[in-house]
Amino acid sequence: MTLSVAFAHDFDGFDVDVAFEAPAGITVLFGRSGAGKSTIVDAVAGLLRPREGRIASQDWVLFDSAEGQWTPPHKRRLGYIFQDARLFPHLSVRQNLAYGQWFAPKSAPREDMDRIVEMLGIGHLLRRRPAALSGGEKQRVAIGRALLAGPKLILADEPLAALDEQRKAEILPYFERMRDEVSVPILYVSHAAAEVARIATTIVALDGGRVTRQGPAADVLSDPAVTPLGVRSAGAMVEARVKEHHNDGLSTLEAEGASLLLPRVSQAPGTPLRVWIEAQDVMLATERPQGISALNILEVTVRELRLGAGPGAMVQLSFGNALILARVTRRSAQALALAPGRQVFAVLKAVSVARDAIGELPRKPV
Amino acid sequence: MTDWLGPEEWRAVALSLKVSFWATLLSLPLGLWVAYLLARREFPGKQIVNGLVHLPLILPPVVTGYLLLTTFGTQGPIGGFLESFGVVFAFRWTGAALAAAVMAFPLMVRAIRLSIEAVDPKLEQAAGTLGASRVWVFLTITLPLILPGIIAGAILAFAKAMGEFGATITFVSNIPGQTQTVPSAIYAFLQVPGGEASAWRLVIVSVVVAMSALLLSEWLARRAAAKVGGI
């Protein structure tokens, strides 16, 4: 199922005019705050009625200004995962999980409570009240509650933003599983690049209330022209496969014939992964560096060079079919005579890739 | 207790309890509705409704009583209309209950309204996205969460109704066994020589009822809050 969203809405001094498609898997609405992400989620959830447009999936119409159609929020069959879990404090975890099932029509696909509880690892919490849960546990229950409502669409509005790094790392794998195991489209709002790189199937980059780019995650992220969060957090995603683990805390991953030494991952050899590499962690050299502490030196080809307004330049590099970005100064770009087609060496420190920047590759949609 | 209180005193106590019970019970649904409107809805004239609800709190009770007499008396526009259906307020215990309800209404609405305002609207929104209609959201989320406030409001209103004097005596007078509530009876006993002993017994009853109501509401509210808070 694919959700088509196209609408325009005006606020005081700000207007949103967007059109995009959200296929199965996780479609991340990506951009800085004020880009219009929450407006889109509100419009899809029915908490905001846009001036004009259409939000629908084939004959399932949530909003159509031309036809005068408007489905109220409680009839939209959504699973909305909020930033602040919003569990009902007077109900037990089990009752919270079952809340949406209560209102789901008989025809709705029934998710099996036991399966979801198992998937989220919340079996031991069922009899507790939300007040007795940690932040990460609350968010897991909130995910379960959304899934069990038998939704036709899942909305997640920065579901990890309120959690610390450790809790984020605890929840992210559940979104990866959700992406691969749930057949309905998931709209996911985020402004954290590493998080997006890990879970996104499709990315809709937003800026100033407009869609600046949309497409498969790897394509959008490695485009040097698209930096929804600014150049400092730009980066690219590389698909790799676990090759072997070492006993000094590192793992070797293989990507497009090249080896990457990275902090140890938990997945077994052979597991396909995606690795988020930040542009500012990549250094360039025209000759193979010697006597350098960085463990990864890749032979790459410059594909595109994009000079910024400031002192920086964004360089898109390729090795095999993989694309990465490097952020260097314009001065260096000139000194190294970087230009499309030129062969250079990209240097990447193993420790600069954070553990939570490595996630499992989405299974190909069936 | 019937032995300790004289028949006239006992009648006053029984009447007060009956009047307060019905005044509280029947005004509760309306109080809940008005509190919800004031807390959660925007509509033209909201401030006027708010003012009207609070008016009995600020007006001299005798004024409220007189206004009730002119509207709900047998000659009054509403009283005359209701009389044709056999509902009479003037100089009946039902009138005392009406006066008590009107006087206690602001306290009840205030307590419930505060508790509704304390419920995070985001929870109600979340319930809505999970498929609950507005009515279901109210019944399954809002209502359980504001139960402590409803209990507190009802008990406060009951205690206020037990003590209502000015509006009651103006509206329905002071007829023993008919409209003579505890405060009216105390007042009446104080007007006759040798009535102090009876007055004192009713004073004690008043203090005990008021105190018990306060303690009970505290206890119930705390119990309900603990249940909601998951402790």
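Reader: Hi! Which helix of chain B holds B:Lys18?
Author: B:Lys18 sits in helix H1 of chain B, which covers residues 7-40. Helices (H or I, at least four residues) and strands (E, at least two) are DSSP runs, numbered from the N terminus. This is a predicted model, where local features need pLDDT of at least 70, side-chain atom pairs count only at pLDDT 80 or more, and totals for chains, interfaces and linings use all residues. Residues are numbered from 1 along each chain as its sequence is written, while chains are lettered from A and ligands numbered from 1 in the order in which they are written.

Reader: Thanks! Why is that lysine called partly exposed?
Author: B:Lys18 has 14 other C-beta atoms within 10 Å, which makes it partly exposed. The cut-offs are 20 or more other C-beta atoms within 10 Å of a residue's own for buried, 12 or fewer for exposed, and partly exposed in between, with C-beta atoms placed from the backbone.

Reader: And how far is B:Lys18 from B:Ala97 in space?
Author: Their C-alpha atoms are 8.3 Å apart, although 79 residues separate B:Lys18 and B:Ala97 in sequence.

Reader: Back to H1(B): where does it bend?
Author: H1(B) bends by about 40 degrees at B:Leu28, and the proline B:Pro29 follows within four residues. The bend is the angle between axes fitted to the seven residues ending at a residue and the seven starting there.

Reader: What end-to-end span should its 34 residues give?
Author: At 1.5 Å a residue, H1(B) should span 50 Å, and its end C-alpha atoms are 48 Å apart, so the two agree. The expected span is 1.5 Å times one less than the number of residues.

Reader: What about the rest of chain B, how many helices and strands are there?
Author: Chain B has 10 helices and zero strands. Its C-alpha trace spans about 70 × 45 × 30 Å along the principal axes, and 44% of its 231 residues count as buried.

Reader: What does chain B touch chain A with, in residues?
Author: Chain B brings 18 residues to the contact and chain A brings 21. Two residues are in contact if their C-beta atoms, placed from the backbone, lie within 7 Å. On the side of chain A, strand E7 (78-81) and helix H2 (93-103) are the elements that give two or more residues. H2(A) gives the most, with three residues.

Reader: What is that side of chain A made of, by class?
Author: It has 15 nonpolar, three polar and three charged residues. Here Ala, Val, Leu, Ile, Met, Phe, Trp, Tyr, Cys and Pro count as nonpolar, Asp, Glu, Lys and Arg as charged, and the others, Gly among them, as polar.

Reader: Switching to chain A itself, how many helices and strands does it have?
Author: Chain A has eight helices and 21 strands. Of its 366 residues, 46% count as buried. A compact globule with 366 residues would have a radius of gyration near 21 Å, and chain A has 22 Å, which agrees. That radius is taken over C-alpha atoms, and the globule rule is 2.2 Å times the number of residues to the power 0.38.

Reader: Which order do the strands take in the open sheet of five?
Author: The order is E2-E1-E4-E5-E6 (chain A), with antiparallel pairing. E2 and strand E6 (69-70) of chain A stand at the edges with a single partner strand each, so one side of each has no neighbour in the sheet. Two strands pair if DSSP finds at least two bridges between them.

Reader: How many bridges hold E1(A) and E2(A)?
Author: Strand E1 (residues 3-11) and strand E2 (residues 14-22) of chain A pair over nine bridges, antiparallel. A:Phe7, for one, has A:Val18 in E2(A) as its bridge partner. The two strands form a hairpin with two residues between them, and A:Gly13 in the turn has a positive phi of about 70 degrees.

Reader: What about E18(A) and E19(A), which way do they run?
Author: Strand E18 (residues 312-319) of chain A runs antiparallel to E19(A), with eight bridges. They too form a hairpin with two residues between them, where A:Gly320 in the turn has a positive phi of about 60 degrees. Seven of the eight residues of E19(A) (residues 322-329) are buried, so the strand is largely enclosed by the rest of the structure.

Reader: Last one: where is A:Glu256?
Author: A:Glu256 lies in the loop between strand E13 (250-255) and strand E14 (258-263) of chain A. Its phi is near 50 degrees, a positive value in a residue other than glycine.
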